[in-house]
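Here's a quick tour of a fold, from a few local spots out to the overall architecture. Have the viewer open and follow along.

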Amino acid sequence: MQLGFVSAIVGELMLEEVFSLASEYSYDCVELMCWPKGKATRRYAGVTHVDVQALDQRETDHINQLSADCGVNISALGYYPNPLSPDPDEANIAISQIKRMIDGAVLLGLDTVNTFVGRDWRYSVEQNWPKVLDTWKPIVTYAEQCNIRIGIENCPMYFTDDEWPSGKNIAHTPEIWHRLFTDLDSKAIGLNYDPSHMIWQHMDALKPIRSFSNRIFHVHAKDVRLDQDRLDEVGILSTPNSFHTPKLPGLGDVNWGKFFSVLTDVGYEGAVCVEVEDRAYEGSLESRKQALRQSANYLRQFIA
């Protein structure tokens with residue numbers, strides 16, 4: 001396995017600085033964000049460390065040289081929009097950018113891109129499903145033709161009132177993954193697996209590693225702390241931000257020893273990238289750097 005981090009947390013740094021920081025803290029790789037340039041629509045969005053719209057051979061060579069000089073690989077390209085948004089402009093931009101990210105991965109000699117399936121949060125899974133297939137079959141076919149894997153992060157994107165009642169990413173449970181992989185019928189689509197999202201949904205975070213071992217293309221290392229006293233007050237039907245808090249690895253409820261034990265049992269040899277969303281460390285760039293340094297120190301006991 002390779003230890004990395006998601007570049008979204010240091011969005012103000014230039015790409016050269018991201019690679020340098022990764023090298024300084026002894027990370028093996030980074031997942032580089034590829035949002036279209038423009039205004040961010042939510043926290044941790046809008047970061048563009050690789051502009052796939054403008055990527056050409058010259059810039060590709062420059063990026064690969066930075067990677068080689070720092071001894072830090074690119075684990076994947078990442079972009080997490082809502083391709084199933086009821087706003088057709090938003091959906092079309094997301095779909096186009098995902099395809100451009102696939103093109104960018106080909107140019108950079110990578111094999112993986114990470115994203116969300118998306119969801120129209122106003123409707124049920126059944127009501128969304130025709131749109132899921134209409135949208136994603138062409139994307140998956142394109143990825144197959146390019147020999148690129150798509151890792152879908154299992155975040156429900158349901159945290160706040162504007163995402164009520166069902167969130168903005170439909171691919172957040174094993175039942176839905178089984179259906180998605182069966183109906184799309186392609187080895188090009190799998191998971192960018194984040195155990196923290198299973199914890200706050202009160203689900204087993206280890207079982208999916210065994211059940212979907214051949215579909216885990218990439219892993220995010222984020223922890224989460226459930227506040228049981230708060231949950232006792234507001235109930236499971238309240239917005240999730242009212243009873244859980246994202247934390248750095250080791251500061252929440254994920255059992256990382258067991259997590260890595262099962263990852264090694266199934267033979268996973270890919271990237272595990274720290275995703276920092278711990279607000280206790282977001283006061284400054286230096287605090288976020290501290291979060292990356294602390295996370296690396298903690299996780300190195302599991303990844304030699």
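Serine 242 is buried, at 19% relative accessible area; buried means under 20%, exposed over 50% and partly exposed in between, with a 1.4 Å probe and protein chains only. Bear in mind that this is a predicted model, where local features need pLDDT of at least 70 and side-chain atom pairs count only at pLDDT 80 or more, while totals for chains, interfaces and linings use all residues. Residues are numbered from 1 along each chain as its sequence is written, and side-chain values use heavy atoms, with hydrogens and water left out.

**Around serine 242**
- Serine 242 sits in the loop between helix H8 (228-234) and strand E9 (244-247); helices (H or I, at least four residues) and strands (E, at least two) are DSSP runs, numbered from the N terminus.
- Its side chain makes a polar contact of 3.0 Å with the side chain of serine 238. That term covers a pair of N or O atoms within 3.5 Å, where within protein one must be able to donate a hydrogen and the other to accept it, and residues adjacent in sequence count only if both atoms are side-chain atoms.
- A polar atom of the serine 242 side chain also lies 2.5 Å from the backbone oxygen of threonine 239.
- Leaving aside neighbours within four places in sequence, serine 242 is in contact (heavy atoms within 4.5 Å) with Arg230 and Val234.

**Around aspartate 278**
- You'll find aspartate 278 in the loop between E10 and helix H10 (285-299), and it is buried, with a relative accessible area of 1%.
- The aspartate 278 side chain reaches the backbone nitrogen of leucine 248 at 3.1 Å.
- Setting aside neighbours within four places in sequence, aspartate 278 is in contact with Pro246, Lys247, Leu248 and Leu251.

**The barrel**
- The barrel is closed by 8 strands with parallel pairing, in the order E1-E2-E3-E4-E5-E6-E7-E10; two strands pair if DSSP finds at least two bridges between them.
- Neighbouring strands of this sheet are turned by 30 degrees against each other on average, direction ignored. Axes are lines fitted to C-alpha atoms, for helices over the stretch in contact, and angles run from 0 to 180 degrees between N-to-C directions.
- Strands E6 (residues 189-193) and E7 (residues 216-221) run parallel and are joined by 3 bridges, and asparagine 192 stands opposite histidine 218 in E7.
- Helix H9 (residues 256-265) lies across E6, E7 and strand E10 (271-274), at about 165 degrees to E7.

**Cysteines**
- The structure holds 0 disulfides, a disulfide being a pair of cysteine sulfur atoms within 2.5 Å.
- For cysteine 70, the nearest cysteine sulfur is that of cysteine 29, 13 Å away; cysteine 70 counts as partly exposed at 23% relative accessibility.
- For cysteine 273, the nearest cysteine sulfur is again that of cysteine 29, 4.3 Å away, and cysteine 273 counts as buried at 0% relative accessibility.

- Among the 98 residues in the largest nonpolar core, Phe5, Leu77 and Trp136 touch the most other members. Such a core is a set of buried Ala, Val, Leu, Ile, Met, Phe, Trp, Tyr and Cys residues joined through side-chain atoms within 4.5 Å.
- Beyond its neighbours within four places in sequence, phenylalanine 5 has contacts including Val10, Tyr27, Cys29, Cys273 and Leu292.
- Isoleucine 95 is in helix H3 (residues 88-108) and is buried, with a relative accessible area of 19%.
- Leaving aside neighbours within four places in sequence, isoleucine 95 is in contact with Pro83, Thr135 and Ile139.
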